[in-house]
Amino acid sequence: MNRPLDLFASLVAGTLFGFGLSYATMIRPEVVISFLTFDDLGLLFVLGAATGINMLVFQWLPRLRRQPLLGGAFEARPFSVDKRSLTGGALFGVGWGICGVCPGPALAGLGAGNTDLLIALAGIFAGALLHGLLEDRRNATTTAQLQS
């Protein structure tokens with residue numbers, strides 16, 4: 001992604017995503033907590049719309065076009081459900097429930113002036129750093145075992 005058009009498209013997409021999260025009130029932790037405690041299920045419509053649009057774009061667009069609008073090629077997204085993905089999903093859910101925002105809404109909320117979300121972002125970056133350090137250690141151990 002070095003071409004100016006790719007950077008501009010990423011900026012436009014990120015701006016639309018952030019505006020959408022803000023408009024849907026997903027950047028407000030109290031709204032998300034209300035959703036997670038089943039007091040207000042309004043965000044269910046947001047999640048449903050996002051999932052529906054995602055399915056349309058990722059399933060139908062490659063069938064309608066030979067290549068993406070900005071060039072390159074459509075590629076399959078590898079994914080497997082295993083112990084690691086389930087554990088990661090559970091940890092993500094616990095973190096989401098504790099602070100009331102996930103990474104995208106936290107960044108969008110910070111852009112909207114909610115500086116309290118800096119604490120959530122610090123936790124998100126600390127968790128990513130911890131995972132990276134543990135993954136490096138795991139890969140080093142695996143490599144050492146293969147060489148011996």
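**Loops, helix packing and pockets in a predicted model**

F38 lies in the loop between α2 and α3. Helices here are DSSP runs of H or I with at least four residues, and strands are runs of E with at least two; both are numbered from the N terminus. The model is predicted: local features need pLDDT of at least 70, side-chain atom pairs count only at pLDDT 80 or more, and totals for chains, interfaces and linings use all residues. Residues are numbered from 1 along each chain as its sequence is written, and side-chain values use heavy atoms, with hydrogens and water left out.

F38 follows α2. Its phi is positive, near 65°, in a residue other than glycine. Most residues other than glycine have a negative phi. F38 is exposed, with a relative accessible area of 67%. Exposed means over 50% relative accessible area, buried means under 20%, and partly exposed is in between (1.4 Å probe, protein chains only). T25 also has a positive phi, of about 65°, and is not a glycine. T25 is found in the loop between α1 and α2. With a relative accessible area of 25%, T25 is partly exposed.

Helix α2 spans residues 29-36, and its buried residues are P29, V31, V32, S34 and F35. These buried residues pack against α3, α4 and α6. Contact means heavy atoms within 4.5 Å. L64 lies in helix α3. L64 is exposed, with a relative accessible area of 69%.

Two packed helices are described by the angle between their axes and the distance between the axes. For helix α5 (residues 103-111) and α6, the axes come within 9 Å and cross at roughly 140°. Axes are lines fitted to C-alpha atoms, for helices over the stretch in contact, and angles run from 0 to 180 degrees between N-to-C directions. The crossing of α5 and α6 is left-handed. In a left-handed crossing the near helix is turned anticlockwise from the far one by less than a right angle; clockwise is right-handed. On the α5 side, P103, P105, A106, L107, G109 and L110 meet L117, L118, L121 and I124 of α6. This contact has nine nonpolar residues, one polar and no charged. Ala, Val, Leu, Ile, Met, Phe, Trp, Tyr, Cys and Pro count as nonpolar, Asp, Glu, Lys and Arg as charged, and the others, Gly among them, as polar.

Pockets were then examined. On a 1 Å grid over the protein atoms alone, a pocket is an open set of points where a 1.4 Å probe fits, with protein on both sides within 12 Å along at least five of seven lines; lining residues have an atom within 4 Å of a point. Grid points are joined across faces, edges and corners, and a volume is the space filled by probe spheres set on the points. The largest pocket has a volume of about 1000 Å³. It is lined by 24 residues, and A13, F17, A50, I53 and N54 are the closest to its centre. Helices α1 (4-23), α3 (43-64) and α4 (83-99) each supply at least two lining residues. α3 gives the most, with eight. The lining divides into 20 nonpolar residues, four polar and no charged.

The second largest pocket holds about 790 Å³ of space. Of its 23 lining residues, G88, L91, F92, G127 and H131 are the closest to its centre. The elements that give two or more residues to this lining are α4 and α6 (117-147). Here the lining residues are 13 nonpolar, six polar and four charged.
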